[in-house]
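Please look through the sequence and the structure that follow, and then read on for an account of how the parts are arranged.

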Amino acid sequence: MIEKKMKSEQKDIKFTEEIRVRFNETDPLGIVWHGHYITYFEDGREAFGRAHGLTYLDVKNAGFATPIVKSSCEHFLPLKYGETFTIVTTLVPSDSAKLIYTYQLFNKDKKLVCKGETVQVFLDSENNLCLYNPEFFQSWKNKMGI
(Lines give C-alpha, C1' and ligand atoms only; values in the text may rest on other atoms or scores of the structure.)
Protein backbone atom coordinates (compact mmCIF):
# COMPACT_ATOMS: atom_id res chain seq x y z
CA MET A 1 0.00 0.00 0.00
CA ILE A 2 1.34 3.43 -0.94
CA GLU A 3 1.49 5.92 1.91
CA LYS A 4 0.28 9.40 1.14
CA LYS A 5 2.44 12.26 2.30
CA MET A 6 0.97 14.50 4.92
CA LYS A 7 0.59 18.07 3.72
CA SER A 8 3.23 19.27 6.19
CA GLU A 9 5.68 16.67 4.82
CA GLN A 10 5.27 17.70 1.18
CA LYS A 11 7.99 19.95 -0.10
CA ASP A 12 7.21 23.31 -1.61
CA ILE A 13 8.41 23.76 -5.14
CA LYS A 14 9.11 27.44 -5.72
CA PHE A 15 10.87 29.81 -8.02
CA THR A 16 11.79 33.45 -7.46
CA GLU A 17 12.14 35.87 -10.36
CA GLU A 18 13.10 39.54 -10.38
CA ILE A 19 11.07 41.83 -12.64
CA ARG A 20 11.32 45.55 -13.46
CA VAL A 21 8.12 47.57 -13.83
CA ARG A 22 7.81 48.72 -17.44
CA PHE A 23 6.45 52.12 -18.47
CA ASN A 24 3.48 50.64 -20.33
CA GLU A 25 2.30 48.91 -17.13
CA THR A 26 1.67 52.16 -15.27
CA ASP A 27 -1.11 54.73 -15.12
CA PRO A 28 -0.56 58.51 -15.51
CA LEU A 29 0.62 58.64 -11.87
CA GLY A 30 3.37 56.10 -12.59
CA ILE A 31 1.65 53.40 -10.49
CA VAL A 32 1.18 49.87 -11.85
CA TRP A 33 -2.38 49.38 -13.08
CA HIS A 34 -4.04 46.57 -11.08
CA GLY A 35 -4.71 44.38 -14.15
CA HIS A 36 -1.00 43.91 -14.78
CA TYR A 37 -0.55 41.87 -11.61
CA ILE A 38 -2.19 38.92 -13.38
CA THR A 39 0.47 39.33 -16.09
CA TYR A 40 3.14 39.26 -13.38
CA PHE A 41 1.61 35.99 -12.17
CA GLU A 42 2.04 34.61 -15.68
CA ASP A 43 5.65 35.83 -15.71
CA GLY A 44 6.11 33.89 -12.47
CA ARG A 45 4.50 30.72 -13.89
CA GLU A 46 6.66 30.86 -17.00
CA ALA A 47 9.85 31.34 -14.97
CA PHE A 48 8.77 28.50 -12.65
CA GLY A 49 8.18 26.25 -15.68
CA ARG A 50 11.57 27.01 -17.21
CA ALA A 51 13.31 26.36 -13.89
CA HIS A 52 11.48 23.12 -13.11
CA GLY A 53 10.88 21.59 -16.54
CA LEU A 54 7.15 22.25 -16.80
CA THR A 55 6.72 24.90 -19.50
CA TYR A 56 3.63 25.63 -21.57
CA LEU A 57 5.43 24.03 -24.53
CA ASP A 58 6.04 20.87 -22.49
CA VAL A 59 2.32 20.72 -21.74
CA LYS A 60 1.39 21.42 -25.38
CA ASN A 61 3.88 18.86 -26.72
CA ALA A 62 2.28 16.26 -24.44
CA GLY A 63 -1.08 17.04 -26.11
CA PHE A 64 -2.69 19.13 -23.38
CA ALA A 65 -3.69 22.68 -22.55
CA THR A 66 -4.00 24.19 -19.07
CA PRO A 67 -6.53 27.05 -19.07
CA ILE A 68 -6.96 29.14 -15.96
CA VAL A 69 -10.32 28.50 -14.30
CA LYS A 70 -9.80 30.66 -11.22
CA SER A 71 -7.61 33.58 -10.25
CA SER A 72 -7.44 35.83 -7.21
CA CYS A 73 -5.29 38.81 -6.33
CA GLU A 74 -4.95 40.91 -3.18
CA HIS A 75 -3.11 44.25 -3.28
CA PHE A 76 -1.30 45.77 -0.29
CA LEU A 77 1.23 48.29 -1.60
CA PRO A 78 1.75 49.99 -4.98
CA LEU A 79 4.55 49.35 -7.43
CA LYS A 80 5.84 52.24 -9.54
CA TYR A 81 7.54 52.66 -12.88
CA GLY A 82 11.20 51.64 -12.81
CA GLU A 83 11.01 49.68 -9.56
CA THR A 84 12.22 46.12 -9.40
CA PHE A 85 10.33 43.52 -7.45
CA THR A 86 10.53 39.79 -6.86
CA ILE A 87 7.78 37.32 -7.49
CA VAL A 88 7.80 34.04 -5.60
CA THR A 89 5.77 31.41 -7.45
CA THR A 90 4.89 28.25 -5.54
CA LEU A 91 3.17 25.13 -6.82
CA VAL A 92 0.61 23.90 -4.30
CA PRO A 93 0.68 20.08 -4.20
CA SER A 94 -2.66 18.55 -5.20
CA ASP A 95 -3.81 15.01 -5.92
CA SER A 96 -6.34 16.43 -8.39
CA ALA A 97 -5.64 16.95 -12.08
CA LYS A 98 -4.90 20.64 -11.79
CA LEU A 99 -2.13 23.15 -11.28
CA ILE A 100 -2.51 25.46 -8.31
CA TYR A 101 0.02 28.26 -8.01
CA THR A 102 0.37 30.91 -5.33
CA TYR A 103 2.22 34.16 -5.86
CA GLN A 104 3.85 36.69 -3.58
CA LEU A 105 5.29 39.94 -4.91
CA PHE A 106 7.82 41.79 -2.77
CA ASN A 107 9.21 45.27 -3.35
CA LYS A 108 12.91 46.14 -3.03
CA ASP A 109 12.37 46.63 0.74
CA LYS A 110 11.08 43.04 0.95
CA LYS A 111 7.57 44.25 1.82
CA LEU A 112 4.63 42.24 0.53
CA VAL A 113 3.04 44.16 -2.34
CA CYS A 114 0.54 41.62 -3.61
CA LYS A 115 -0.42 37.98 -3.28
CA GLY A 116 -2.63 35.74 -5.33
CA GLU A 117 -3.49 32.34 -6.66
CA THR A 118 -4.39 30.71 -9.96
CA VAL A 119 -5.94 27.34 -10.70
CA GLN A 120 -5.50 25.60 -14.05
CA VAL A 121 -7.08 22.39 -15.28
CA PHE A 122 -5.92 19.96 -17.95
CA LEU A 123 -7.75 19.68 -21.27
CA ASP A 124 -6.84 17.00 -23.78
CA SER A 125 -6.42 17.65 -27.52
CA GLU A 126 -10.21 17.47 -27.98
CA ASN A 127 -10.81 19.97 -25.14
CA ASN A 128 -12.11 17.30 -22.77
CA LEU A 129 -11.52 17.94 -19.09
CA CYS A 130 -9.03 15.46 -17.61
CA LEU A 131 -10.24 13.96 -14.35
CA TYR A 132 -6.91 12.24 -13.69
CA ASN A 133 -3.38 13.56 -13.92
CA PRO A 134 -2.05 13.14 -17.45
CA GLU A 135 0.80 10.62 -17.58
CA PHE A 136 3.45 13.24 -18.39
CA PHE A 137 2.35 15.37 -15.41
CA GLN A 138 2.23 12.44 -12.99
CA SER A 139 5.75 11.49 -14.12
CA TRP A 140 6.89 15.08 -13.50
CA LYS A 141 5.29 15.05 -10.03
CA ASN A 142 7.00 11.76 -9.21
CA LYS A 143 10.36 13.15 -10.35
CA MET A 144 9.79 16.26 -8.19
CA GLY A 145 8.80 14.20 -5.16
CA ILE A 146 5.23 15.44 -4.88
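Arg22 counts as partly exposed, at 39% relative accessibility, where buried means under 20% relative accessible area, exposed means over 50%, and partly exposed lies in between (1.4 Å probe, protein chains only). This is a predicted model, in which local features need pLDDT of at least 70 and side-chain atom pairs count only at pLDDT 80 or more, while totals for chains, interfaces and linings use all residues. Residues are numbered from 1 along each chain as its sequence is written, and side-chain values use heavy atoms, with hydrogens and water left out.

Arg22 forms a salt bridge with Glu25, the closest N and O atoms being 2.5 Å apart; a salt bridge here is a side-chain nitrogen of Lys or Arg within 4 Å of a carboxyl oxygen of Asp or Glu. Glu25 counts as buried, at 3% relative accessibility. Arg22 also forms a salt bridge with Asp43, for which the closest N and O atoms are 3.7 Å apart. This second pair links distant parts of the chain, since Arg22 lies in the loop between β1 and α1 whereas Asp43 lies in helix α1, 21 residues apart.

Helix α1 covers residues 36–52; helices (H or I, at least four residues) and strands (E, at least two) are DSSP runs, numbered from the N terminus. Among the buried residues of α1 are Tyr37, Tyr40, Phe41 and Phe48. Just after α1, Gly53 takes a positive phi of about 75°.

Helix α1 lies across β1, β2, β3, β4 and β5, running at about 125° to β1, with axes taken as lines fitted to C-alpha atoms, for helices over the stretch in contact (heavy atoms within 4.5 Å), and angles running from 0 to 180 degrees between N-to-C directions. These 5 strands form an open sheet in the order β1-β3-β4-β5-β2, with antiparallel pairing, two strands being paired if DSSP finds at least two bridges between them. The edge strands, β1 (13–20) and β2 (68–75), each pair on one side only. Within the sheet, β3 (residues 84–92) and β4 (residues 98–106) pair in the antiparallel sense over 7 bridges, and Val92 has Ile100 in β4 as its bridge partner.

Thr66 lies in the loop between α2 (56–61) and β2. Thr66 is buried, with a relative accessible area of 11%, and, leaving aside neighbours within four places in sequence, is in contact with Tyr56, Val59, Leu99, Gln120, Val121 and Phe122.
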